[in-house]
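Student: I have a model open and would like to learn how to read its features. Could you walk me through them?

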Amino acid sequence: QVQLVESGGGLVQAGESLRLSCAASARTFRSYAMGWFRHAPGKEREVIACIRCSDRSTLYADFGKGRFTISGDNAKNTVYLQMNSLKPEDTAVYYCAATSYIDYNNNYDRLDLYNYWGQGTQVTVSS
């Protein structure tokens with residue numbers, strides 16, 4: 001079974017930064033794309049950013065542009081999410097996910113494309 005191991009969440013003050021990490025535990029696992037999502041109370045799970053493993057191209061949700069940066073390390077099959085200038089409204093459970101499916105229209109930020117999910121890590125931003 002493929003497992004995604006997340007780390008880096010925690011409690012920070014507004015304006016501070018965090019870097020989340022997520023790696024596939026299976027050394028033979030190779031994904032088409034990986035991404036970061038978040039689920040805040042009262043809201044549905046939403047895409048933050050995704051990265052395609054073949055060329056490291058990225059897609060960002062509008063709110064994720066600027067303050068958030070997704071990056072990947074193919075050798076480690078790991079993705080990172082650098083979050084800067086955090087705001088209280090960023091408080092949510094953050095999930096990483098991977099997909100073995102290919103979207104030939106380059107829509108690799110589709111939530112339903114992802115078939116492997118991490119357990120989620122809590123990010124709390126205090127004002």
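This is a predicted model: local features need pLDDT of at least 70, side-chain atom pairs count only at pLDDT 80 or more; totals for chains, interfaces and linings use all residues.

Student: Where is Asn106 found, and what is its phi near?

Tutor: Asn106 belongs to the loop between β9 and β10. Its phi is near 65 degrees, a positive value in a residue other than glycine. Ser85 is another case: it has a positive phi of about 50 degrees and is not a glycine either. You will find Ser85 in the loop between β8 and β9, and at 40% relative accessibility it counts as partly exposed.

Student: Let's go inside. Which residues touch the most other members of the largest nonpolar core?

Tutor: To read a core, look for buried nonpolar residues joined through side-chain atoms within 4.5 Å. The largest one here has 25 residues, and Trp36, Leu81, Met83 and Tyr94 touch the most other members. Several strands each supply at least two residues of this core, among them β3 (18-24), β4 (33-39), β8 (78-83) and β9 (92-99).

Student: What does Leu81 touch, leaving out residues up to four places away in sequence?

Tutor: Its list includes Leu18, Leu20, Trp36, Ile48, Phe68, Ile70 and Tyr94. Arg19 and Thr69 are on that list too. There is also a second, separate core of 9 residues, with Ala33, Phe37, Tyr108 and Leu113 among them.

Student: How many aromatic pairs does the structure hold?

Tutor: For ring pairs, read the distance between the centres along with the angle between the planes: over 60 degrees counts as edge-to-face. The structure holds 5 such pairs. One of them joins Phe37 and Trp117, which are tilted, at 4.8 Å centre to centre with 50 degrees between the planes. Phe37 lies in strand β4 and Trp117 in strand β10 (residues 116-117), so this pair ties together parts that are 80 residues apart in sequence.

Student: Which rings does Arg45 lie over?

Tutor: For a charge over a ring, check how far the charged end is from the ring centre and from the ring normal. Arg45 lies over the face of Tyr95, at 4.1 Å from the ring centre. The charged end of Arg45 also sits over the ring of Trp117, 4.6 Å from its centre.

Student: And the cysteines? Which of them form a disulfide?

Tutor: Here the sulfur-sulfur distance decides, with a cut-off of 2.5 Å. A search of the whole structure finds 1 disulfide: Cys22 and Cys96, with their sulfur atoms 1.9 Å apart. The link is right-handed, with 55 degrees about the S-S bond. Cys22 lies in strand β3 and Cys96 in strand β9, so the pair ties together parts that are 74 residues apart in sequence. Both Cys22 and Cys96 are buried. Cys50, by contrast, is in no disulfide, and its nearest cysteine sulfur, that of Cys53, is 10 Å away.

Student: One last residue, please. Which side chains have a polar contact with that of Arg38?

Tutor: For polar contacts, look for N or O atoms within 3.5 Å, one able to donate a hydrogen and the other to accept it. The side chain of Arg38 has such a contact of 2.9 Å with that of Glu46, and another of 3.1 Å with that of Tyr94. Arg38 is found in strand β4, and it is buried, with a relative accessible area of 8%. Beyond its neighbours within four places in sequence, Arg38 is in contact with residues including Glu44, Arg45, Phe63, Glu89 and Asp90.

Notes:
Residues are numbered from 1 along each chain as its sequence is written. Side-chain values use heavy atoms; hydrogens and water are left out. Buried means under 20% relative accessible area, exposed over 50%, partly exposed in between (1.4 Å probe, protein chains only). Helices (H or I, at least four residues) and strands (E, at least two) are DSSP runs, numbered from the N terminus. Contact means heavy atoms within 4.5 Å. Rings of Phe, Tyr and Trp (its six-membered ring) pair if their centres lie within 6.5 Å; planes under 30 degrees apart count as stacked, over 60 as edge-to-face and the rest as tilted. A charge sits over a ring if NZ of Lys or CZ of Arg is within 6 Å of the ring centre and within 35 degrees of the ring normal.
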